[in-house]
Amino acid sequence: ENTVVLLMGDHGWNLGEHGLWCKHCNFYTSLSTPLIISAPGMKNGNVANTLAEFIDIYPTLAELSGLPIPKTVEGKSLLPILKNPELEHKDFVISKWDEGLTLTSQQYAFTEWRTEKDSLIARMLYDHRVDPKEENNLSNETKNISLMDSLSKLMMANRGADYFINTEIDSTKLAEKK
């Protein structure tokens, strides 16, 4: 009656999809994870098909616990979704693995790989409405250049200040930022 339970996975997993047997990639199979939240007063068994990120967990738990959410928190509470699973939570989410950054919306998955000097190396674009398994990369089709440029600008504007810090925490770079 007064306990919040949250069950989540830390990453997805490839079981031969895209010729991969691992968790390390920017495909949906690795970027999506289970998230189950049980909280007092919430209806049982609702499923929400919305976009969420790990950074949304802290503000969700804080709000469910009646704690203030610090202004520095980047995530967005999922409490409105728990109350009404039909609501949209976010227009897009961003994921990073290695040099690849992925923006996922309800329709698209768009990935760019960049060098440490921010030069573009490669792109992937998938339309989840017609290709939910991400088997047909649309990035080479000239008709998609405008769409990719728009998604790239949105992704770059939201990638965060720590984008170029290695995923293995580089304490010297973190100290320089402070």
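A: In helix α2, which covers residues 57-64, the residues I57, P59, T60 and A62 are called buried, a word kept for a relative accessible area under 20%, while exposed means over 50% and partly exposed in between, with a 1.4 Å probe and protein chains only. This is a predicted model, in which local features need a pLDDT of at least 70 and side-chain atom pairs count only at pLDDT 80 or more, whereas totals for chains, interfaces and linings use all residues. Residues are numbered from 1 along each chain as its sequence is written, and side-chain values use heavy atoms, with hydrogens and water left out.

Q: What do the buried residues of α2 pack against?
A: They pack against β1 (5-8), β2 (35-38) and α3 (79-83), where contact means heavy atoms within 4.5 Å. After α2 comes G66, which has a positive phi near 75 degrees.

Q: How do you know what counts as a helix or a strand, and how many of each does the chain have?
A: Helices are DSSP runs of H or I with at least four residues, strands are runs of E with at least two, and both are numbered from the N terminus. The chain has 5 helices and 6 strands, and along the sequence they follow the pattern β-α-β-α-α-β-β-β-β-α-α.

Q: How do you know whether the span of helix α4 agrees with its number of residues?
A: The expected span is 1.5 Å times one less than the number of residues, so the 13 residues of α4 (residues 145-157) should span 18 Å, and since the end C-alpha atoms are 18 Å apart, the two values agree.

Q: Which residues of α4 are buried, and what makes them line one face?
A: The buried residues are M148, L151, S152 and M155. Seen down the axis of α4, these buried residues fall within an arc of 105 degrees, so they line one face of the helix; the arc is that of the directions from the helix axis to the C-beta atoms. An α-helix has 3.6 residues a turn, so residues three or four places apart point the same way. The cover over the buried residues of α4 includes β3 (92-97), β4 (100-105), β5 (108-114) and β6 (120-127), while S146, K153 and A157, on the other side of α4, are exposed.

Q: Why is the pair R123 and D149 called a salt bridge?
A: A salt bridge is a side-chain nitrogen of Lys or Arg within 4 Å of a carboxyl oxygen of Asp or Glu, and the closest N and O atoms of R123 and D149 are 3.2 Å apart, so the pair meets the definition. R123 lies in strand β6 and D149 in helix α4, so the pair ties together parts that are 26 residues apart in sequence. D149 has a relative accessible area of 34%, so D149 counts as partly exposed.

Q: How many salt bridges does the structure hold?
A: The structure holds 8 salt bridges. Among them is the one between E112 and R114, with the closest N and O atoms 3.1 Å apart, and both of these residues are buried. Another joins the side chains of E141 and K143 at 3.7 Å, N to O; K143, with a relative accessible area of 67%, is exposed. Salt bridges that share partners join E112, R114, D118, R123, D149 and R159 into one network.

Q: What makes D131 a residue without a salt bridge?
A: The nearest side chain of opposite charge, K133, is 8.5 Å away from the buried D131, and the limit is 4 Å, so no salt bridge is counted. For charge, Lys and Arg count as positive and Asp and Glu as negative, whereas His and the chain ends are not counted. D131 lies in the loop between β6 and α4.
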